[in-house]
Amino acid sequence: MTGTVTSSGPLVLVVAVFLASSVEMVEALTIVLAVGVTRGWRSALEGVVAALVTLAALVALLGPALVHFVPLSALRLVVGGLLLIFGLQWLRKAVLRAAGLKAKHDEDAIFAEQVAELTAAPPSEGRAATGFVVAFKGVFLEGLEVVVIVLTLGTTSHHLGLAAAAAAAAVVVVLVAGLIVARQLSRVPENAMKMGVGLMLVSFGTFWSGEGVGVHWPGADLAIPVLVAVYGAVAWALVALLDRRDGHTVTSAVGAGGADHG
Amino acid sequence: MAEGEAPSGSRPLVARWIVGFGHFWWDFLIGDTPELFVGALVVVGSVALLCLDHSLRTAAALVLPVLVAALLGASVWKAGRKRPS
């Protein structure tokens, strides 16, 4: 039976959710640090907690509802399609960044921009409220993508709890790392992480959309790591091709952690 | 802003939520890569047609990743033709 993810699936699922959540939380943390530095830590942390509680409530409400009220085959087809589109977007951007054709995400620049905006805002009125709202929006909006990933991957594989736990672990890890590295978030190898997430989302998306339309996968869910490897090879080849076409030295390997250090 | 046009802040809360919800899904699914959205639908739709013939369902396991990889390659190549600013 190919309907359940039984062996390799949970590990790939945890890695995919953890990496996706980490990337989004690094982006959120940049905003929170900027709020904390300029508007005070109390309002920033209140905004973070409120956003995390709201996001957790969304997962708790929508996850069981999806599982109970949507037929599994339809859920797999829709979720597979969503993951395929979303994953292709991530992978495309990561390939273009690795090939030097798209600007890398610069957390230092984003931090400086946020600080400048918040410092320029009127300092006296609504100081705490501004900090709360900016921190809440930053975490909530970045977290929404995580919620979609947790819900889609978690419900389709019947591992919603595991997916939610992986996302929660990523939040804790990024928070601790954020406290340690403070404002040096540009050191996080974000492009390599996005490449990994993109590969896994496209692989899950291919697998489940295939299941939804009746594809017979040889080896059932063991096809997932094979798909990850195949798409990884394709991404590497694309980066190499673009590098060679533009006359660059092929240095930006697909999985290179230093891709974001520029 | 044109005269008579209501500022977004004066819209009812429900309308703002609906617009925001629509924006989120538009950005999430389409954004600046409509070719990936349309391409993914075409790829999955084509494989669904292939799978109508039960004898081709195992072959479809090969066709689907190949089509997805081709879609990614085409989108990346299209973007790569524009030099970075």
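A pocket is found on a 1 Å grid over the protein atoms alone, as an open set of points where a 1.4 Å probe fits, with protein on both sides within 12 Å along at least five of seven lines; lining residues have an atom within 4 Å of a point. The model is predicted, and local features need pLDDT of at least 70, side-chain atom pairs count only at pLDDT 80 or more, while totals for chains, interfaces and linings use all residues. Residues are numbered from 1 along each chain as written, chains are lettered from A in the order written, and side-chain values use heavy atoms, without hydrogens and water.

The largest pocket has 27 lining residues, and those nearest its centre are A:Phe140, A:Leu144, B:Trp17, B:Phe21 and B:Phe24. Its volume is about 880 Å³, where a volume is the space filled by probe spheres set on the points, joined across faces, edges and corners. H5(A) supplies the largest share of this lining, eleven residues. By class the lining holds 23 nonpolar, two polar and two charged residues; Ala, Val, Leu, Ile, Met, Phe, Trp, Tyr, Cys and Pro count as nonpolar, Asp, Glu, Lys and Arg as charged, and the others, Gly among them, as polar.

The second largest pocket holds about 590 Å³ of space. Of its 21 lining residues, A:Glu24, A:Phe86, A:Lys93, A:Glu145 and B:Asp27 are the closest to the centre. Helix H1 (9–39), H3 and H5 of chain A and H1 of chain B each give two or more residues to this lining; helices are DSSP runs (H or I, at least four residues), numbered from the N terminus. H3(A) gives the most, six residues. The lining divides into five nonpolar, six polar and ten charged residues.

The contact between the chains (heavy atoms within 4.5 Å) takes 34 residues from chain A and 33 residues from chain B. Together the chains bury about 3100 Å², 78% of it on carbon and sulfur atoms; buried area is the accessible area (1.4 Å probe) that two parts lose on being put together, summed over both. On the chain A side, A:Ile85, A:Leu88 and A:Arg92 lose the most area to chain B, together 20% of what that side buries.

One salt bridge is counted between chain A and chain B, with a Lys or Arg side-chain nitrogen within 4 Å of an Asp or Glu carboxyl oxygen as the criterion. This salt bridge joins the side chains of A:Arg92 and B:Glu35 (3.8 Å, N to O).
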